[in-house]
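Good morning, and thank you for making time for this presentation.

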Amino acid sequence: MKVALITGVTGQDGAYLAEFLLKKGYFVHGIKRRSSLFNTDRIDHLYQDQHEQNVNFKLHYGDLTDSTNLIRIIQETQPDEIYNLAAMSHVQVSFEMPEYTANADGLGTLRLLEAVRILGLTQKTKIYQASTSELYGLVQAVPQSETTPFYPRSPYAVAKIYGYWITVNYREAYGMFACNGILFNHESPLRGETFVTRKITRAAAKIVLGLQDCLYLGNLSAQRDWGHAKDYIEAMWLILQQEKAEDFVIATGVTTTVRDFVKMTFAEMGIEIEFSGKDENEKGVIIDVDAEHVKRLGLNDERLKLGQTVVKVDPKYFRPTEVDLLLGDPTKSKTQLGWEPKYDLPALVKDMILSDLNLMKKDEYLKDGGYQTLNYFE
Ligand code: NDP
Ligand code: GDR
């Protein structure tokens, strides 16, 4: 039985990857942070009572800022594969927490690599490092491939560039099987609520159900190459199954603006949005409602008014330095890994909005019953 250790197992990718590896017959160890409330929502369906026989999923308390803890967990678990997914992963928040981001995302990667080296596991343990398209930052060339130069534009990206190069360095210096997956944005119903796609699908569902009036966003013109997390975690695994340790770009090869993602989300519910105005004054207004479509989803079309403003810009979401355009070239991963995404963007949007409608209908139910529901605007 192969043994995998996943850092960041409670996050979006960690949850999908743990499920994927368990299905492949792995023993999966995951590192979770201690928090004052349970933070295992995304993996609760995988939970196993540790008193039972044949347990193959185990969680360990840990943190990427704590070397001795990492050394102990790796010594205890003796993993064949480590997937380093843990990170302070929010680009905008990294401007507010630059030092912590550097510590967890940059030095955290070094701590893992060093732990493997100190424990004499360099020839046994393969390491996957969660690198990112944010490394490309200020556009040097498109589409971005494994050979495109980096120009990071946030404390997050600068921390991740350290993680990228220290992974390459340990591969070259110590012959370790250590690889970077340079993954472009990938989303899902499990996506954190403050990343733009999930913020949009959650808010759109709430607006349609009458639980929220308006969605406030930042830069609507930013372009991202969005894929589905379920497809991307499979690529992580494929990268570690190769003969030779190498770095790979994982992307769809299609880029879309935030503005168009909003339109697609509402269109999925039968609502047409038009944007007008410029920069801080831009807004999105309902111009058409397909009543039949709305009713098919079990929604009340009378709540939706033509001319209703459902999106406004709030400059507080603008970043001090922005990444304007990401568009990946997945040629190497398609030819060498045989990787092919199953979801395109419309299928991703549909998966997310249907899931959030379902979730928000519970809030609607509570509201109708006189209970208070929470509104998040971050
Ligand atoms: P999430 O933010 O959903 O998950 C991050 C995980 O890291 C969570 O489990 C979090 O724990 C954990 N974590 C954060 N800080 C620490 C720390 N100091 N020690 C231990 N664990 C920590 O991210 P995703 O799943 O979306 O992304 C996975 C990885 O891939 C990240 O490294 C991200 O930077 C990178 N990446 C993501 C892309 C994407 O589009 N999703 C694209 C390219 C790269 P907790 O649940 O307690 O907060
Ligand atoms: P990103 O994702 O920064 O690309 O990093 P995010 O969804 O946060 O932003 C994408 C783009 O949307 C613009 N935007 C907004 N973003 C947020 N979060 N909230 C808003 O209200 C908003 N309005 C507009 C942003 O300015 C940006 O241009 C993600 C993370 O998962 C990283 O960890 C990962 O490395 C990269 O993707 C690849």
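Predicted model: local features only at pLDDT ≥ 70, side-chain atom pairs only at ≥ 80, totals over all residues.

Residues are numbered from 1 along each chain as its sequence is written, and chains are lettered from A and ligands numbered from 1 in the order in which they are written.

Let me begin with the record. UniProt, in an unreviewed entry, lists residues 5-352 under "domain: NAD(P)-binding"; its positions are given here in the numbering used for this model, feature names are shortened, and annotations may be inferred rather than shown by experiment. Over residues 5-352 the chain is 36% helix and 18% strand, with the end C-alpha atoms 28 Å apart. Helices (H or I, at least four residues) and strands (E, at least two) are DSSP runs, numbered from the N terminus.

I turn to ligand 1. Which residues are closest to ligand 1? They are G8, G11, A86, A87 and A130, out of 26 residues that surround this ligand. A residue counts as near a molecule or strand if its C-beta atom, placed from the backbone, lies within 6 Å of it. Two elements give two or more residues to this shell, namely helix 1 (12-23) and strand 5 (126-132). The largest share, three residues, comes from helix 1. By class, the shell around ligand 1 holds nine nonpolar, 14 polar and three charged residues. In this scheme Ala, Val, Leu, Ile, Met, Phe, Trp, Tyr, Cys and Pro are nonpolar, Asp, Glu, Lys and Arg are charged, and the others, Gly among them, are polar.

Ligand 2 has 22 residues around it, of which V91, T132, V196, G218 and A222 come nearest. Helix 3 (91-96) and helix 6 (196-208) are the elements that give two or more residues to this shell. Its residues divide into nine nonpolar, eight polar and five charged. The shell around ligand 2 draws at least three residues from each of domain 1 (3-183) and domain 2 (196-223 + 257-322 + 344-368); these bounds come from an automatic or database domain assignment.

Is strand 5 enclosed or open to the outside? Seven of its seven residues are buried, so strand 5 is largely enclosed by the rest of the structure. Buried means that 20 or more other C-beta atoms lie within 10 Å of the residue's own; exposed means 12 or fewer, and partly exposed lies in between, with C-beta atoms placed from the backbone. K126, Y128, A130 and T132 point one way from strand 5, and I127, Q129 and S131 point the other way.

Now to the partners of strand 5. Strands pair if DSSP finds at least two bridges between them. Strand 4 (residues 81-84) pairs with strand 5 in the parallel sense over four bridges, and Y83 stands opposite Y128. Strand 6 (residues 178-183) also pairs with strand 5 in the parallel sense, over six bridges, and T132 stands opposite L183. From strand 5 the chain crosses through helix 5 (residues 155-174) to strand 6 in a right-handed β-α-β crossover. Right-handed means that, with the strands pointing away from the viewer, the path from the first strand over the helix to the second runs clockwise.

Elsewhere, strand 13 (residues 271-276) and strand 14 (residues 283-289) pair in the antiparallel sense over six bridges, with E274 opposite V285. Their hairpin has six residues between the strands, and G277 takes a positive phi near 85° there. D279, in the loop between strand 13 and strand 14, has a positive phi of about 45° although it is not a glycine. D279 counts as exposed, with 11 C-beta neighbours inside 10 Å. Strand 14 is also joined by three bridges to strand 15 (residues 309-313), and the two run antiparallel; G284 stands opposite V311.

I close with two further backbone features. Q78 lies in the loop between helix 2 (67-77) and strand 4, and its phi is near 45°, a positive value in a residue other than glycine. Q78 is partly exposed, with 13 other C-beta atoms within 10 Å. Finally, a cis peptide bond joins V142 and P143, with omega about -5°; P143 sits in the loop between strand 5 and helix 5.
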